[in-house]
Amino acid sequence: MTLAGNALAEDARTDWMTSWYAAPQPGWDSQFVLPMNVPAVLDHQTVREYVRISAGGERIKLVFSNRYGKAPLAIGAASVMMREVTFAGARQVTFAGARQVTIAPGATVTSDPIALSVAPLSQLEVTTYLPKRTAITGFHWGASQSISIAAGNASRAAEFSKATRVEGRLFLSAVLVDALPDSRTVVALGDSITDGNGSTPDADRRWPDFLARRLAPHGIAVANAGISGARLLSDGMGERALARFEQDVLRQPGVSDVIVLLGINDIGWPGSPFAPAETMVTLNELTAGFRQLAATAHARNIRITVGTLPPFEGALEGTPFAGHYNPQKEALRLRLNDWIRGAGIFDAVVDFDVVLRDPARPQRLRAELDSGDHLHPGDAGYRKMADAIDIDAIVARDRGARRDAVSARIQ
């Protein structure tokens, strides 16, 4: 058998799981109330992205997405390295043995396995050179995370001294690691609260990050599929959850659990600057959507946990986006939360409402947990959310051999 044949045979025996994720979303035009905050076009430029994985492994794969591309996406070179080491430790990325690859519109590409041993919660730098004119029609908005963009082919540059910094993600959508026996991935499916709006930028303090720290000793990964502006029933700053559930949750390698926090934008957007012409959603429409998610997850043997919606009185007041909150919307939030608590169709419920609300004014976030916009928690609030999740059922299986193997990796 050839060396390539040996590598393919070895890879066929390896289980892979998603250790880091950024959900792709389509771009929008200038008519929308928010700017995309990334260049409209890249041309002969290099992108450097910084990611903190959750679970570790002896090898990794990188996944690049052109899900919402309208033209082929050409990658001229890519490399990856541990952020804590010198650039001499960078690994060249190949795709079916080649250093260049073209991704068709609507498609993704996964790299060859990369021999890079990564500990749980490691930080990686991924550098991607785009040799052709590339319109940004798909990306990931915000995420309290910045990326660097340099002119020309800087794929071998140790420092981006003259780079432009922008917030968001571009074409890198996942990092996979080779999985230990019975390791698995928890997907966090949500909106800007899951995507980490209001947390300290570039500090990895979203609630899925704090959850990843709790689960790392158990060899369990957390993939953040939050999208700012995401909704359960309607498209917003991303496809509706019912439409993207297949790709963002069910197709994640190693997925065993999904934690869902959605609905505040379904309730808050109608009549606001985000969706001024929309009429209010109904409780029956929302509960039907949650029932569909639960049935779809259970059909794939995936546990589903649903979070109650945090309070949002005063959301975005004093900004051009005011209108998110009113008493009618608050009444619907309370009714939906009561239904989530008592529906009996989910494997677990996490009561984010109780964790985050002000006891003296329960329609509002506790001041010390509020980022300041009265909609998104800050770092302390996100930590509280992660701590509220009961992880016993997630880690219950095969605590013995897998825990020993994980401990060896961490050491």
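Residues are numbered from 1 along each chain as its sequence is written, and side-chain values use heavy atoms, with hydrogens and water left out. Because the model is predicted, local features need pLDDT of at least 70 and side-chain atom pairs count only at pLDDT 80 or more, whereas totals for chains, interfaces and linings use all residues.

Salt bridges were counted wherever a side-chain nitrogen of Lys or Arg lies within 4 Å of a carboxyl oxygen of Asp or Glu, and by this rule the count comes to 22. Two of these involve E246, whose side chain meets that of R251 at 3.5 Å, N to O, and that of R300 at 3.0 Å, N to O. R300 lies in the loop between α6 (283–299) and β19 (303–307) and E246 in helix α4 (residues 241–250), so this pair ties together parts that are 54 residues apart in sequence; here helices (H or I, at least four residues) and strands (E, at least two) are DSSP runs, numbered from the N terminus. Accessibility is described as buried under 20% relative accessible area, exposed over 50% and partly exposed in between, with a 1.4 Å probe and protein chains only. On this scale R251 is exposed at 53%, while E246 is partly exposed at 28% and R300 is partly exposed at 44%.

A further salt bridge joins the side chains of R361 and E313 at 2.8 Å, N to O. Since R361 belongs to strand β22 (residues 361–365) and E313 to the loop between β19 and α7 (327–342), the pair ties together parts that are 48 residues apart in sequence. R361 is partly exposed, with a relative accessible area of 38%, whereas E313 counts as buried at 11%.

The contact (heavy atoms within 4.5 Å) is made by A241, L242, F245 and L250 of α4 and by G289, Q292, L293, T296 and A297 of α6. These residues divide into 6 nonpolar, 3 polar and no charged, where Ala, Val, Leu, Ile, Met, Phe, Trp, Tyr, Cys and Pro count as nonpolar, Asp, Glu, Lys and Arg as charged, and the others, Gly among them, as polar.

Most residues other than glycine have a negative phi. H44, however, has a positive phi of about 55° although it is not a glycine; H44 is placed in the loop between β3 (41–42) and β4 (45–52) and is partly exposed at 39%. L121 likewise has a positive phi, near 70°, and is found in the loop between β10 (108–110) and β11 (123–130), where L121 is partly exposed with a relative accessible area of 25%.
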